[in-house]
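Have a look at the model below.

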Amino acid sequence: MKTILKVAVILCGAMLATTAWSKDDPAAGATLYTANCTACHGADRAGMPGAFPALTDIGKRLDAAQIKDKIRKGGGLMPPFSQLSQQEIDDITSYLAK
């Protein structure tokens, strides 16, 4: 019985550690958004009509995978942000979804 309990505790700890490590961080995403996106899309994410789209409701127009792809590859006037890590892209996407 002690062996089963030890295994269960170890497995639960491993699952929690993995979840914490890979969890998206909207607060970090907000900081990254400020550094990388506000020049075009604005601090309020309202964009500039005719030039830069608003991101206030981006989750209604694109799913998370499409948002991440747009950040990574760019498109139109938006340059690619290939210098960002996958975690940073995930964090920005999480921030935009709020």
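In this predicted model, the largest pocket has a volume of about 400 Å³. It is lined by 22 residues, and His41, Pro53, Leu55, Lys70 and Met78 sit closest to its centre. Five helices, α2, α3, α4, α5 and α6, each put at least two residues into that lining, with α5 giving the largest share at three residues. Here is how the lining splits by residue class:

| Class in the lining of the largest pocket | Residues |
|---|---|
| Nonpolar | 17 residues |
| Polar | three residues |

Now for the core. The largest nonpolar core has 13 residues, and Tyr33, Ile71, Leu84, Ile92 and Leu96 touch the most other members. Helices α2 (26-36), α5 (64-73) and α6 (86-97) each bring in at least two of the core residues, and α6 gives the most, with four.

Leu96 is worth a click. Beyond its neighbours within four places in sequence, Leu96 contacts Tyr33, Arg45, Leu55, Ile58 and Ile67.

Last, confidence. Mean pLDDT for the protein chain is 86, and 78% of its residues reach 70 or more. Residues 14-20 are where to be careful: pLDDT there is below 50, and the stretch has zero contacts in the model beyond near neighbours in sequence.

Technical notes. Residues numbered from 1 in each chain as written. Predicted model: local features only at pLDDT ≥ 70, side-chain atom pairs only at ≥ 80, totals over all residues. Heavy atoms only, no water. Core = buried A, V, L, I, M, F, W, Y, C linked by side-chain atoms within 4.5 Å. Buried < 20%, exposed > 50% of the residue type's maximum accessible area, 1.4 Å probe, protein only. Contact = heavy atoms within 4.5 Å. pLDDT = per-residue confidence, 0-100. 1 Å grid on protein atoms, 1.4 Å probe; cavity = no way out; pocket = protein on both sides within 12 Å on 5 of 7 lines; lining within 4 Å. Points joined across faces, edges and corners; volume = space filled by probe spheres on them. Nonpolar A, V, L, I, M, F, W, Y, C, P; charged D, E, K, R; others polar.
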